[in-house]
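Here are some friendly notes to read alongside the model. Take the points one by one, and keep the 3D view open as you go.

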Amino acid sequence: MKGDRKETILSESGKFLIDIAKLVFGGVILAGIMKYESVNPVLLFGIGGISVVLCFVSGMILIALSKIKEK
């Protein structure tokens, strides 16, 4: 039972991080379209891009770890 629970937690956490990456990506695109005066576009896309990549990669790692069977 313990292995199934761990697998579920890792898988759901990975899916959550991938969803966060999608939301951050959408937020960066919307903020870039709005053209606010106080927003530096280089900083916006730089920090946003790094956040998307980190969340996505972390999510994929957690999903991969959930697929590994314990002996």
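How many helices and strands are there in the protein chain? Keep that in mind for point 1, and remember throughout that this is a predicted model.

1. **Overall make-up.** The protein chain has two helices and zero strands. Its radius of gyration is 16 Å, well over the 11 Å that the globule rule gives for 71 residues, so the chain is more spread out than a compact globule. You can see this in the box that the C-alpha atoms fill, roughly 55 × 15 × 10 Å along the principal axes.

2. Of the 71 residues in the protein chain, 17% count as buried. The chain exposes about 5,700 Å², and carbon and sulfur atoms supply 72% of that area.

3. **Contacts across the sequence.** Take the contacts in the protein chain between residues at least 6 apart in sequence: 84% of them join residues at least 24 apart.

4. V28 is found in helix α1. Is V28 buried or exposed? With a relative accessibility of 11%, V28 counts as buried, because the cut-off for buried is under 20%. Leaving aside residues up to four places away in sequence, V28 touches L44, F45 and G48. The C-alpha atoms of V28 and G48 are separated by 6.1 Å, although these residues are 20 apart along the chain.

5. F25 is found in helix α1, which covers residues 2–34. At 52% relative accessibility, F25 counts as exposed. The C-alpha atoms of F25 and G49 are separated by 7.4 Å, and the two residues are 24 apart along the chain.

6. **Charges.** The protein chain carries 9 positive and 6 negative side chains, and the centres of the two sets lie 5 Å apart. Side chains of opposite charge can pair when their charged atoms come close. The structure holds two salt bridges.

7. **The pair E12 and K15.** The side chains of E12 and K15 meet in a salt bridge, at 3.7 Å from N to O. These residues are three apart in helix α1, so about one helical turn separates E12 and K15. E12 is partly exposed at 44% relative accessibility, and K15 is partly exposed at 42%.

8. **The pair D19 and K22.** A salt bridge also joins the side chains of D19 and K22, at 3.2 Å from N to O. D19 and K22 are three residues apart in helix α1, which means about one helical turn lies between them. D19 is partly exposed, with a relative accessible area of 38%, whereas K22 counts as exposed at 54%.

Conventions
Residues are numbered from 1 along each chain as its sequence is written. This is a predicted model: local features need pLDDT of at least 70, side-chain atom pairs count only at pLDDT 80 or more; totals for chains, interfaces and linings use all residues. Side-chain values use heavy atoms; hydrogens and water are left out. Helices (H or I, at least four residues) and strands (E, at least two) are DSSP runs, numbered from the N terminus. The radius of gyration is taken over C-alpha atoms; the globule rule is 2.2 Å times the number of residues to the power 0.38. Buried means under 20% relative accessible area, exposed over 50%, partly exposed in between (1.4 Å probe, protein chains only). Contact means heavy atoms within 4.5 Å. Accessible areas come from the Shrake-Rupley method with a 1.4 Å probe; for residues, only the protein chains shown count as cover. Lys and Arg count as positive and Asp and Glu as negative; His and the chain ends are not counted. The place of a charge is taken as NZ of Lys, CZ of Arg, CG of Asp or CD of Glu. A salt bridge is a side-chain nitrogen of Lys or Arg within 4 Å of a carboxyl oxygen of Asp or Glu.
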